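Here's a quick tour of one model, with a helix to start. Have the viewer open and follow along.

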Amino acid sequence: MKKIWLFIPLLFLAITNTTSQNKEQLLDSSYVYLYNQYYTYKYTDSLKAKTIAAIYLKKAERAKDTINMAMGYTFKSEVYKNDSIYIDYLDHLIEVTSKKPTKLFPAFFHYRKGHLYALVRTNKNEALKEILLAKKYAESTGNDSLAYAMYTKIGRLVAQNGNRKKAIEIYRECYEYYKDHMHKVGKDDFFAFIYNYSTTYSDLSENDSALYYNKIAYQYSFEQKDTLLVAYSKFRQGQIHHTLENHQASVDSIKGAMDVLIDDENYLAVSQGYSLMGDSYIKLKEHPKALAYFGKVDSMYNTSKIFYNSESQRTAFKFLYQHYKDKDDTQNQLHYLNKIISWDSIKMASDDRFEETLYDNYEKDNLERREALIEELEKDISISNIIKYGMIGISVIALLLFFYEYNRRKKLKRRFDELASATRKETGIPKMVAQDKSKISVPKEVIDTIVKKLEAFERKNAFTSTRLSLNSLANDLKTNPNYLSKIINHRMGIGFSSYINELRINYVLDLLDKNPTIRKYSIEAIGNEVGYKNAQSFSNAFYKKTGLKPSYYIKQLNKIGV
């Protein structure tokens with residue numbers, strides 16, 4: 001045993017030395033190689049991605065390469081999920097270079113900061129502020145090409161903010177400049193500019209102009225012999241034809257782009273393309289083809305498990321949900337309903353980025369902090385100590401949690417047994433409270449008529465409609481809401497909302513007790529089945545009535561094999 005413990009440190013030392021040698025070798029690699037390695041591991045191995053980011057930065061710092069140092073900080077902010085690392089560095093560079101501006105700096109750093117605000121923090125106001133500063137510095141140093149490049153970015157932000165007519169004015173001015181200075185703009189930058197110009201006209205429903213500028217983008221990319229840009233212009237053409245309801249032309253254009261978009265691994269665009277073709281085939285009354293393309297959108301999600309911030313997936317899920325609903329296929333219907341709900345929740349969660357805040361000041365010990373992060377990757381960690389002390393702590397916590405959980409479950413089980421026993425005897429219509437009819441200001445014959453109609457309403461389980469309200473029920477019963485509310489209070493001794501919740505929860509208890517199949521549904525679906533619009537409302541009403549969560553109640557029913 002002693003020999004084994006002597007061997008472990010030697011083995012660890014050997015591994016550490018080998019790792020250090022590998023890192024030194026990577027420092028000699030090109031930036032392009034490290035860049036590709038970083039994106040190879042970014043989504044698959046965060047530790048390796050952190051190591052590559054640290055090496056990229058260290059290489060740039062050794063060479064005093066400012067541009068690649070900025071890229072290194074970009075990588076580091078991504079892998080540590082802390083964009084303030086990058087922001088702080090840019091603030092430092094802006095402070096230093098603002099003292100003696102050049103044609104490139106600090107304009108470039110303001111641009112990078114604005115780019116981060118726009119894409120990562122989705123803060124359009126801060127993004128616009130930084131891009132305007134970049135344009136100002138570029139103009140003051142006579143760098144007109146960079147100034148117009150920033151102007152196109154401003155146009156894009158203005159368009160995203162809803163002022164598309166102003167954006168068109170900006171794009172028009174930039175286009176006039178580029179026509180005479182094509183040598184000053186990069187191929188990809190010019191294509192992106194024309195592409196956005198076309199998109200903004202589409203957003204204004206000026207589709208003739210959108211087609212015109214997209215045609216320019218297509219001709220330009222064709223002349224450049226760039227198959228990727230040709231494909232994107234075809235894709236854009238398909239989007240415009242779809243808006244114009246030229247559905248066959250839309251399908252033909254998008255189909256002509258799809259192979260290249262797949263090779264480019266632009267899965268968002270591919271998903272959008274499949275969805276647009278699916279929608280076009282619906283309009284062309286070719287349902288099997290629509291089903292096939294919406295199925296491809298779904299298949300892409302099943303493979304990647306990524307929800308895109310694009311309506312293409314939701315459109316596909318909604319179509320597939322309706323398709324299976326028409327076929328009375330409950331299992332698949334619920335499957336796609338859950339996907340729609342998940343997509344919606346992810347979409348809402350993504351809006352939280354607007355509330356993120358920035359660090360205000362650049363710390364003077366930034367170099368030490370960067371080195372500490374790099375050294376953190378190279379620390380020798382004593383695994384045996386972590387396990388030993390960790391297990392002691394976990395054991396103590398586990399013991400406390402065990403006693404707490406044991407007592408909690410005991411109480412819940414007692415409540416379930418009481419409820420399950422009572423359910424078989426008492427579920428159904430809430431008990432009537434005997435009251436003197438003369439005490440409410442409603443004619444006796446009206447009371448008798450409404451009570452009979454309420455009894456029919458209860459027998460038909462009409463309370464399971466998600467659209468039910470006091471007004472809608474009063475309308476259905478041919479009375480007014482005031483009378484109906486008074487009669488329910490008189491008859492049951494409770495208000496309308498409590499009355500409906502009583503009916504629904506009694507009904508769902510009986511349903512769960514007698515129908516094992518419905519127990520397999522999601523909580524959202526069960527709630528929807530008995531009239532609740534969302535899982536939260538159903539769970540709250542169920543807990544208020546029973547003292548138990550519906551998920552726990554279902555689990556216990558399944559255990560006893562009812």
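Which are the buried residues of helix 20?

## Helix 20

They are I447, I450, V451, L454, F457 and E458, where buried means under 20% relative accessible area and exposed over 50%, with partly exposed in between (1.4 Å probe, protein chains only). These residues cover an arc of only 120 degrees around the axis, so they sit on the same side of helix 20; the arc is taken from the directions from the helix axis to the C-beta atoms. The face turned away from that buried side carries exposed E445, K452 and R459. Helices here are DSSP runs (H or I, at least four residues), numbered from the N terminus.

Just after helix 20, N461 takes a positive phi of about 55 degrees.

## Ground rules

This is a predicted model: local features need pLDDT of at least 70, side-chain atom pairs count only at pLDDT 80 or more, and totals for chains, interfaces and linings use all residues. Residues are numbered from 1 along each chain as its sequence is written, and side-chain values use heavy atoms, leaving out hydrogens and water.

## Rings

Rings of Phe, Tyr and Trp (its six-membered ring) pair if their centres lie within 6.5 Å; planes under 30 degrees apart are stacked, over 60 edge-to-face, the rest tilted. That rule gives 37 aromatic pairs. One of them, F538 with F542, is edge-to-face, at 5.8 Å centre to centre and 70 degrees between the planes. Both lie in helix 25 (residues 535-546), 4 residues apart, about one turn of the helix, and both F538 and F542 are buried.

Conventions
Helices (H or I, at least four residues) and strands (E, at least two) are DSSP runs, numbered from the N terminus.
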